[in-house]
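Me: I am new to this structure and would like a close look at one part of it. Please set the part in its surroundings as you go.

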Amino acid sequence: MKKSIDAGETLKKATALYNEKKFPEAVELWKSLEDADCAEALYMLGICYNYNLGVEIGDEEERARIASGYFIKSAEKGHAEAQCFAGLCFRSGTGVDKDLKKSVEWFEKSAAQNCTQAMNNLGQMYERGEIDVEIDGSDDCGGYEDGEDGGYEDGEDGEDSETKRKKYAKSMSLSFEWYKKSAQLKDATGQLSLGRAYYDGRGVPRDYKSAVKYYALAAEQGSADALFRLGECYDDGEGVERNSITAFKYYKEAAKRNHAKAQCYVGYCYEYGEGVKRDLDEALKWYCVSAENNYGQAYCNLGCMYEEGRGVKKNMPKAIEMYERGAAAGNYMASHNLGNVYAFGKGVKVNMALAIKYYEHAARGGVAEAQYNLAQHLHKGQYVERDDSAAAFWFMQSAQNGDADAQYKIGSFFMNGIGVDEDPEIGFYWFMRSASQGDADAQYAVGVCYEDGIGVEADLEEAREWYARSAKQGNKEAKKHLKK
């Protein structure tokens with residue numbers, strides 16, 4: 001009994017010293033309890049070695065090994081937080097050999113004691129596909145958003161696409177359940193993650209209203225990301241009535257909590273008067289704050305301001321510097337803008353090799369304009385070897401990203417069998433997609449298809465309608481057809 005009382009008093013003293021940031025003294029007292037069956041002392045020793053507090057071991061790997069040992073010893077004595085840390089060690093291979101199975105076992109033991117961090121970690125592991133799930137006849141694809149993209153191909157592991165879909169759906173469902181358990185215990189991370197699941201339709205049917213509900217709960221606890229996501233919901237009218245003023249309010253609150261993306265959005269709102277009075281000085285200020293957090297889009301937006309002289313004196317060297325920083329931070333639009341800089345000689349000598357290099361980088365990052373520009377060079381054989389197959393690929397990528405010019409071009413490719421197998425029906429489909437966005441050439445092409453029955457059943461009334469739309473925009477060939 002005396003030993004227990006002494007251990008309790010020592011633990012209190014050590015904790016008080018730790019709170020006073022007297023780490024070496026706290027470590028010494030906790031070490032005196034190593035043989036006292038004190039799980040808390042072992043856990044705190046793990047914390048001190050993990051974060052290099054009051055210990056004298058400079059070698060990071062050695063400290064990690066010692067820290068993981070303390071976490072595991074404490075975990076074996078039933079300490080919930082230590083069990084969670086043990087799970088983290090095995091998940092990342094920090095101080096121990098990486099072992100995802102052991103990681104899950106420790107997280108589950110910790111979660112059974114209502115440790116929400118462990119629940120969130122399990123949710124994340126299922127969401128990221130780190131845990132191999134087993135399926136049986138009762139499992140199905142779920143029919144949720146992420147399971148409908150058709151992107152599951154048969155792999156070398158012998159699993160067919162249907163099996164992969166079912167495994168994916170089950171993983172997302174299990175992820176959702178762990179986030180739900182955490183959220184029910186009022187954990188902000190769990191609430192945010194549950195909101196994301198509802199928003200994206202992962203493991204549950206997409207439900208924007210429920211997403212907003214859980215974002216709001218997390219935001220009430222100060223989650224910057226939840227505040228930002230609420231701003232997006234109000235910006236887009238998803239789950240709530242669209243309101244740019246309310247959106248700006250949430251962006252601003254998230255920005256104040258040092259959320260880099262929100263800071264950039266606040267800058268954008270000020271630049272274009274979205275939900276707040278237009279103020280270019282404030283826009284510049286918030287873009288700079290976001291850029292200081294190395295957010296690539298903020299650099300890109302600053303580059304645009306300097307290039308166009310908007311809110312600042314026009315300065316191409318400064319614009320290029322901002323674009324370069326943005327590209328280095330992983331922003332693909334900044335790469336695209338650099339492509340334009342070198343393609344058109346904006347403040348520099350024309351350098352098409354560099355331009356194409358930047359266009360290709362941006363194209364691989366999904367920038368529709370860059371995909372179109374790269375495709376044009378490949379099709380025309382300008383500064384690169386002509387390759388119509390590659391051009392067709394990039395026109396298709398751009399078209400799928402909504403670029404009207406690319407939709408018209410890929411339609412022409414399918415009509416004429418350039419870089420792809422000739423298929424008038426697909427060609428007409430893409431002409432129509434482009435025409436619906438107002439492209440005059442595509443509207444004329446749709447008119448021709450309806451007049452001659454190319455890729456669609458002939459319909460002279462429809463043909464005249466599309467010729468009229470094209471002619472209204474000045475297309476001379478469309479005007480000629482209307483006079484027939």
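What radius of gyration does the chain have, and what would a compact globule of 484 residues have? After that, please look closely at Tyr126 and what surrounds it in the fold.

Reply: The model is a predicted one. Its chain has a radius of gyration of 29 Å, whereas a compact globule of 484 residues would have one near 23 Å. Along the principal axes, the C-alpha atoms fill a box of roughly 110 × 65 × 45 Å. The chain contains 25 helices and zero strands. Of its 484 residues, 48% count as buried. Among contacts between residues at least 6 apart in sequence, 45% join residues at least 24 apart.

Helix H7, which spans residues 116–127, contains Tyr126. With a relative accessible area of 9%, Tyr126 is buried. Its neighbours within four places in sequence left aside, Tyr126 is in contact with Ile131, Val133, Ser171, Met172, Leu174, Ser175 and Trp178. For Leu174, the separation from Tyr126 is 48 residues in sequence, while the two C-alpha atoms are 6.6 Å apart in space.

In soluble globular proteins, nonpolar side chains tend to be buried together. Here the largest nonpolar core has 82 residues, and those with the most contacts inside it are Phe395 and Ile410. Not counting residues up to four places away in sequence, Ile410 touches Ala392, Phe395, Met396, Ala399 and Trp430. Another core, of 33 residues, lies apart from the largest one, and its members include Leu11, Ala26, Tyr49 and Val55.

The cysteines come next. The structure holds zero disulfides. Cys84 is in none, and the nearest cysteine sulfur, that of Cys115, is 4.2 Å away. A disulfide would need the two sulfur atoms within 2.5 Å. Cys84 counts as buried, at 2% relative accessibility. For Cys233, the closest cysteine sulfur is in Cys269 at 15 Å, which is too far for a bond. Cys233 also counts as buried, at 1% relative accessibility.

A buried residue can also sit in a loop. Asn475 lies between helix H24 (460–472) and helix H25 (476–482), and its relative accessible area of 11% makes it buried. The side chains of Asn475 and Asp441 are joined by a polar contact of 3.3 Å. Beyond its neighbours within four places in sequence, Asn475 is in contact with Ala440, Asp441, Tyr444 and Ser470.

Most residues other than glycine have a negative phi. Lys21, in the loop between helix H1 (2–19) and helix H2 (23–31), has a positive phi near 65°. Lys21 is exposed, with a relative accessible area of 65%. Asn294 is found in the loop between helix H14 (280–292) and helix H15 (296–308), and its phi is likewise positive, near 60°. At 47% relative accessibility, Asn294 counts as partly exposed.

To return to the part you asked about: Tyr126 is a buried residue of helix H7, and its contacts include Leu174 and Trp178.

Conventions: Residues are numbered from 1 along each chain as its sequence is written. This is a predicted model: local features need pLDDT of at least 70, side-chain atom pairs count only at pLDDT 80 or more; totals for chains, interfaces and linings use all residues. Side-chain values use heavy atoms; hydrogens and water are left out. Helices (H or I, at least four residues) and strands (E, at least two) are DSSP runs, numbered from the N terminus. Buried means under 20% relative accessible area, exposed over 50%, partly exposed in between (1.4 Å probe, protein chains only). Contact means heavy atoms within 4.5 Å. A nonpolar core is a set of buried Ala, Val, Leu, Ile, Met, Phe, Trp, Tyr and Cys residues joined through side-chain atoms within 4.5 Å. A polar contact is a pair of N or O atoms within 3.5 Å; within protein, one must be able to donate a hydrogen and the other to accept it, and residues adjacent in sequence count only if both atoms are side-chain atoms. The radius of gyration is taken over C-alpha atoms; the globule rule is 2.2 Å times the number of residues to the power 0.38.
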